[in-house]
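Please take a moment to look over the sequence and the 3D structure shown below, and then follow the paragraphs after them step by step.

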Amino acid sequence: MTEPRLTFKEMCAKYDVTPRTLRYYEYIELLSPERVGRSRFYGAKELARMTLILRGRKFGFPLEDIRQWLMIYENEGNEAQMKTWIELADRQVAELTEQRTQLDETLSELKTMRDQTAKSLG
């Protein structure tokens, strides 16, 4: 039984990304598909990496952090990668919490100004 392989077009469809995005991820060495002539094929390793990349983007991690985190697995193994993940996640949680605080303050100010404006109109 052979490992599943996706073509470039299938990869774009499966992960709902543009061809430009997929090419960029290859360019910055987040992904390294197998090349046969001009065709690209993505195996299980690349599918797993793409899942992690998109999850990292969803959580707001910069691509460089994601790239370095994936390299840790290649160079140092799973345990080192997970320890680094915890550090990155702690940092991101703190940053997102600060952003939420700022957003809550901005919403409160906007609502107050809106209410004052509506009140002044009668």
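A residue is called buried when its relative accessible area is under 20%, exposed when that area is over 50%, and partly exposed in between, the area being computed with a 1.4 Å probe on protein chains only. The model is a predicted one, in which local features need pLDDT of at least 70 and side-chain atom pairs count only at pLDDT 80 or more, whereas totals for chains, interfaces and linings use all residues. Residues are numbered from 1 along each chain as its sequence is written, and side-chain values use heavy atoms, with hydrogens and water left out.

Let us begin with the chain as a whole. Its secondary structure comes to five helices and three strands, where helices (H or I, at least four residues) and strands (E, at least two) are DSSP runs, numbered from the N terminus. Read from the N terminus on, the elements follow the order β-α-α-β-β-α-α-α. The radius of gyration, which is taken over C-alpha atoms, is compared here with a globule rule of 2.2 Å times the number of residues to the power 0.38. For the protein chain this radius is 21 Å, well over the 14 Å that the rule gives for 122 residues, so the chain is more spread out than a compact globule. Along the principal axes, its C-alpha trace spans about 75 × 35 × 25 Å, and buried residues make up 30% of the 122 residues.

One pair of residues gives a sense of these distances. Arg-114 is found in helix α5 (residues 78-121) and is exposed, with a relative accessible area of 55%. The C-alpha atoms of Arg-114 and Lys-45 are separated by 52 Å, the two residues being 69 apart along the chain.

We turn next to charged side chains. The structure holds nine salt bridges, a salt bridge being a side-chain nitrogen of Lys or Arg within 4 Å of a carboxyl oxygen of Asp or Glu. In one of them Glu-34 pairs with Arg-5, and their closest N and O atoms are 2.8 Å apart. Because Glu-34 lies in strand β2 (residues 34-36) and Arg-5 in the segment before β1 (6-7), this pair ties together parts that are 29 residues apart in sequence. Glu-34 counts as partly exposed at 40% relative accessibility, and Arg-5 counts as partly exposed at 38%.

Glu-26 lies in helix α2 (residues 19-27) and Arg-40 in strand β3 (residues 39-42), so the pair ties together parts that are 14 residues apart in sequence.

Another salt bridge joins the side chains of Glu-74 and Lys-45, at 3.4 Å from N to O. This pair links distant parts of the chain, with Glu-74 in helix α4 (residues 63-76) and Lys-45 in helix α3 (residues 44-58), 29 residues apart. Glu-74 is partly exposed, with a relative accessible area of 42%, and Lys-45 counts as partly exposed at 48% relative accessibility. Salt bridges that share partners also join Glu-26, Arg-35 and Arg-40 into one network.
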